[in-house]
Amino acid sequence: MRKIHARSTVAAAIALAAIAVAPGAAWAQQAPMMDKPAMAAPMAPMMADRAKLLTTPGVFGNFSTYKIRPDYYKLSAAERKGAAAEVLAAVDKHKDKIIVDAYLTRGFETHSDYFLRVHSADMAATQAFLIDFRATRFGMYSDVTENLVGITKALNYITKDKSMDLNAGLSGASYTGDAPRYAIMIPVKKDAAWWNMSDEQRLKEMEIHTQPTLQYLVNVKRKLYHSTGIDDTDFITYFETNDLGAFNNLLISLARVPENKHHVRWGSPTVLGTIQTFENVVKSLSN
Amino acid sequence: MRKIHARSTVAAAIALAAIAVAPGAAWAQQAPMMDKPAMAAPMAPMMADRAKLLTTPGVFGNFSTYKIRPDYYKLSAAERKGAAAEVLAAVDKHKDKIIVDAYLTRGFETHSDYFLRVHSADMAATQAFLIDFRATRFGMYSDVTENLVGITKALNYITKDKSMDLNAGLSGASYTGDAPRYAIMIPVKKDAAWWNMSDEQRLKEMEIHTQPTLQYLVNVKRKLYHSTGIDDTDFITYFETNDLGAFNNLLISLARVPENKHHVRWGSPTVLGTIQTFENVVKSLSN
Amino acid sequence: MRKIHARSTVAAAIALAAIAVAPGAAWAQQAPMMDKPAMAAPMAPMMADRAKLLTTPGVFGNFSTYKIRPDYYKLSAAERKGAAAEVLAAVDKHKDKIIVDAYLTRGFETHSDYFLRVHSADMAATQAFLIDFRATRFGMYSDVTENLVGITKALNYITKDKSMDLNAGLSGASYTGDAPRYAIMIPVKKDAAWWNMSDEQRLKEMEIHTQPTLQYLVNVKRKLYHSTGIDDTDFITYFETNDLGAFNNLLISLARVPENKHHVRWGSPTVLGTIQTFENVVKSLSN
Amino acid sequence: MRKIHARSTVAAAIALAAIAVAPGAAWAQQAPMMDKPAMAAPMAPMMADRAKLLTTPGVFGNFSTYKIRPDYYKLSAAERKGAAAEVLAAVDKHKDKIIVDAYLTRGFETHSDYFLRVHSADMAATQAFLIDFRATRFGMYSDVTENLVGITKALNYITKDKSMDLNAGLSGASYTGDAPRYAIMIPVKKDAAWWNMSDEQRLKEMEIHTQPTLQYLVNVKRKLYHSTGIDDTDFITYFETNDLGAFNNLLISLARVPENKHHVRWGSPTVLGTIQTFENVVKSLSN
Amino acid sequence: MRKIHARSTVAAAIALAAIAVAPGAAWAQQAPMMDKPAMAAPMAPMMADRAKLLTTPGVFGNFSTYKIRPDYYKLSAAERKGAAAEVLAAVDKHKDKIIVDAYLTRGFETHSDYFLRVHSADMAATQAFLIDFRATRFGMYSDVTENLVGITKALNYITKDKSMDLNAGLSGASYTGDAPRYAIMIPVKKDAAWWNMSDEQRLKEMEIHTQPTLQYLVNVKRKLYHSTGIDDTDFITYFETNDLGAFNNLLISLARVPENKHHVRWGSPTVLGTIQTFENVVKSLSN
């Protein structure tokens, strides 16, 4: 069975509320190879194009958090030992349609031990993989505790046309920190007053929102998914960083802009995990 | 045992808040036959009239979501294999009174693996079927995680009399997309201020609500159920589409009208599933 | 063992917020005999006087909803078969103090399979019965999912003195529909602004509330319980009808009056069930 | 093993929001002996002084509600029969430090079968007892479903100095009803606007609050605990009565004063139980 | 296996909302040695520096609450007896990176039996320890019921520069009470209006907040963690005291300042426990 690289080559989606990076953007290129799995690069003709899925608009992102049921630990050690291989086989089976990133949350989160981020150009393909994953021993002993789905879109506020200077600011800086070890997923829902603003008003709010975030481009990566109507949130914001203190400061700066008055959901849950290979996640939780 | 066709021939209920399509409306006619089950058309004298149940006012719609308990997967594979036949037998037993549509939600939803939509002219008949369904092995290992009931009504805002142009707009377009693979169920509850508006004010709000939705008639189908007093929601809105990006845009356009300020519930849960035969749902979840 | 008549002879409590019908009111008289249990009329000297308990002020009403645990269905069919007799014996043991009505909610409700309404002049007698009920096999496998207690009171707003015409309207119409097959229980809690109104203001609001309900006296029966301080609700409203469409319209008309602005709880849960004998409820859920 | 008297000799804490009765107050004296356990008066030198604990400021009150897990009823009848003795032994072991009152809530409450009220001059002593109680068979099969802790204080609003007439009113009446059979526990939390009022404003609100309650001194007993910062409530209000109708009227009168506008929690849960010996509670729930 | 000293040498973080004590502050020095474990001082070269971790900015604090599952008590007494040693071994394994404090909450809290506070300069090290802890028998039978993470920062409001007198007040008093036996953990989240204030406004609010707290410096110790963006709270406030009455008064004084109007979360949960060695916590809950 081939190994997968369930690691994060996150495209450089930039501003917080409505961003998707164009294919080939600088950040996608320099995505860090934090842990170096002993395997060939994923160039087999049938594999989903990771770089493309992470940078193209119209791609579906699926975030699911899981809690392992206590009876998993009543299985024999041998049975648990085989869990990772089974999971990787399920990933392998679907590797032409989907890519999976895995994160370890035990010790950080109340309601989960790990979470998955699945990308695909076709939601039904994502479902097919997750059904197979849930049929593995590890998946069978995992309870889903949150599941959010979203879709990527082209940048729609801080574009070259609408907000040239800020757009330049966003393009002018790139992540220079150590390879991120942490990922954070934060759902965002806005109130009716926000959505009833004119486009101009909302653009202005997003400019005020974007300004203080520029300085954090060097140590926090971001990606955005849109969910209105397909889930009980408007956005799923996803971050990677190696500097949680800087991340805390970034989010405080976002709390300090007027846009914050329109949040009816910001977190709930905020999910923090360490970025891991899927194999490591399964093994860490199978001891 | 005869097979059922748990597929969706959704009538063309049009505007979001208070619509039921007249029998014989164009869209009902052209309802797509997404998956072609190998069976005769449902014309047996004792079968519920699907087209009529989906287009007549005064029909009860029952939405229930289910999560399979983990011990289901401790049954032998043989036992799980027989599950679908048992379920179809239960459907067959009640086929003169009810029709059932089934949807697979595993991988999309936190709180469910599948959901059912049952129509009947008599709520007690719906209950009788669901009690029998719950007595099958598959039903017995399923926990109900949401249950919403509603009733269909004749169109009451955007009628020919009250709002001629918009009514024409609604009638003038029809679904032209690929057969929908996705269904979305969203409960809606309005605040006291909404209900205390005059009929004229509410009509005006519904006109503003309807205008931006016209363009989505070609790729999103809709149906509405009324629930005030019979459940903890005012409406159950049901959609089918094959284009989740368009659906996301439709719902954003509905977020942008003043009516949105009167939502005390809009989702919670938003339930997204793939449209399947009941047989496929049971089999997909029984591996 | 003697059979019980766990059926509903609901007294005609009329307006929604503060009503208790005088003994001997027309509706109490014509209470429908929906299901005709094969038993003698309940005239044994030691039995609680059903008509009196349902029409007198100062009687306690106890509503409890139950969900059957899955392991009930792992008992042998024989064991489940004996469940009804045991339950009826428990009712029989307490028949001099309490009356019980039972409702089947499976298929309609997320959080219950059935609910009970117990009346007694003494809350401790109600508790004694329910403890015995929970000690039966059926009760033992049932989880309580909601429990609300209230007390009946004499009419206090739309009285002959305070609001003569409306009082006449309430008295002038009576239920003429088919025997109700459905019951609905809706808890109601009002905000501090409501309770801080003067008596005159509240009377005025209740008059506006009552007016549009008059037309539904012919197809919806109502009864009211007061709960402030003895439970986390101010009122428990209870309805019986055979026409759920009319009931939906009645509740929409109540949403449209200003009183609705003072609801901090209206439902949550709204519980809908079919009216059954207790025996039928147990048997339907024991297959 | 010595029996305990887990009965309620409730001190006469009077007004609802900030009251603790001085030692030796009239009501404490005449506390009813509702159930007469066959035991000597608790005068042994090593026993906690019940009257003192119930009337002194600075005493900790601990309210915990419990739900018995279903598997308790799978123990043999013999095992369950021994449960009460074990519980009473645990009480006896700690009788020099704590007093325990027990209440039966099954049949009244969704989330509990019984609740305990423990008083002690030292919170750690309360914890030590409850840990031992949870190690008994009965405690081991009980899930804690609510736990609130508070501390008693000297009266701080309606004092002789600040509000002479009302203070006289409070002192001038005493409980004359039958021995209370019911206890009610209601947590209360006030909003920031309440706490930001001046002392004078709050005193005025408490006077308005106190006035309508005077008439209920004859049939409702009250006691108050302060919890700000040590639990998620500001107050725990505790009542005993034999007249639930009067109690309902008392609480309605408290809903009708402006103070009610500052409640962010008033109940949730409201816990109603019958006053019992601890032994009876265990036995009633062990059949 | 070496014993650990899971006791609290809490640094003197002073004002409630934004404080971290400088290394070497007086209070850190005089941290009480409440229980004297029979072991050498933790000076081994490979041990995490407790004093430093508790006083340096940029340290991660992890609070997790646990509830023991009932089946733990179905293990043999012998198996439970070995639980403490296993837990201490896990602590020992990670002692060069993390320090752990343990608290017993059974009898005080609904949702937990104990809680842990883990400090580390590296969040991943905290995770590594907690994963190992959860793999011990005791950890395996514990359900996580809350998990909050935060980071310490340098004081940012009541500094010498910004608010000299108050800063002097904070520095001029120190804890003089008995060794604290109780710890309280209270999460705090502020609203958008708070975060949108100017720095000057917020400083002013914090001065008003700080003033009434000065008198409690002698009997309540405090420490603050920042969580915006890394968890669903803005702050985690942690207290130690031996005088719960004084603590209640302190928190009432904080309820009485305008800052309280900006709390969207203050508690939920408020967690109260007794300060214990980790060994004692495990043993107390393993009988």
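The legends below accompany close-up views of a predicted model.

**View 1. Overall make-up of chain A in the predicted model.** Chain A contains 11 helices and 9 strands, and of its 287 residues 56% count as buried.

**View 2. Packing of helices H4 and H5 in chain A.** Two packed helices are described by the angle between their axes and the distance between the axes. For helix H4 (residues 83–93) of chain A and H5(A), that angle is about 160° and the axes are 9 Å apart. Because angles over 145 degrees count as roughly antiparallel, H4(A) and H5(A) are therefore described as roughly antiparallel to each other. The crossing in which H4(A) passes H5(A) is right-handed. On the H4(A) side the residues that meet the partner helix are A:Val87, A:Ala90 and A:Lys93, and on the H5(A) side they are A:Phe129, A:Asp132 and A:Phe133. Sorted by class, this contact of H4(A) with H5(A) comprises 4 nonpolar and 2 charged residues, with no polar residue.

**View 3. Packing of helices H4 and H5 in chain D.** In chain D, helix H4 (residues 83–93) packs with helix H5 (residues 123–134) at an angle of about 160°, and their axes are 9 Å apart. That angle makes H4(D) roughly antiparallel to H5(D), and the crossing of H4(D) and H5(D) is right-handed. The helices meet through D:Val87, D:Ala90 and D:Lys93 of H4(D) and through D:Phe129, D:Asp132 and D:Phe133 of H5(D). By class, 4 nonpolar and 2 charged residues, but no polar ones, form the contact of H4(D) with H5(D).

**View 4. The contact between chain A and chain B.** To this contact chain A gives 26 residues and chain B gives 31 residues. On the side of chain A that touches chain B, the elements that give two or more residues are helix H5 (123–134), strand E4 (142–151) and helix H8 (192–195) of chain A. H5(A) provides the largest share of that side, with 7 residues. When the residues on the side of chain A that touches chain B are divided by class, 12 are nonpolar, 9 are polar and 5 are charged.

**View 5. The rotation axis relating the chains.** Two copies of a chain are related by a rotation about an axis and a shift along it. Chain A is superposed on chain B, with an RMSD of 0.0 Å, by a rotation of 72° with 0.0 Å of shift along its axis. Of the residues of chain A, A:Asp71 comes closest to the rotation axis, its C-alpha lying at 9.4 Å. Chain C, in turn, can be laid on chain B with an RMSD of 0.0 Å by a turn of 72° and a shift of 0.0 Å along the axis. These two copies are thus related as by a five-fold rotation axis. In chain C, the C-alpha nearest the axis belongs to C:Asp71, at 9.4 Å from it.

**View 6. The surroundings of C:Ala193.** C:Ala193 lies in helix H8 (residues 192–195) of chain C. This residue counts as exposed because C:Ala193 has 11 C-beta neighbours inside 10 Å, and a residue is exposed if 12 or fewer lie within that distance. C:Ser112 is 81 residues apart from C:Ala193 in sequence, and the two are 33 Å apart in space, C-alpha to C-alpha.

Technical notes. Residues numbered from 1 in each chain as written. Chains lettered and ligands numbered in written order. Predicted model: local features only at pLDDT ≥ 70, side-chain atom pairs only at ≥ 80, totals over all residues. Axes fitted to C-alpha atoms, helices over the stretch in contact; angles between N-to-C directions. Helix = DSSP H or I, 4+ residues; strand = E, 2+ residues; numbered from the N terminus. Parallel < 35°, antiparallel > 145°, perpendicular 65-115°, else oblique. Left-handed = near helix turned anticlockwise from the far one by under 90°. Contact = placed C-beta atoms within 7 Å. Nonpolar A, V, L, I, M, F, W, Y, C, P; charged D, E, K, R; others polar. Least-squares fit on C-alpha atoms with pLDDT ≥ 70 in both. Buried ≥ 20, exposed ≤ 12 C-beta atoms within 10 Å, placed from the backbone.
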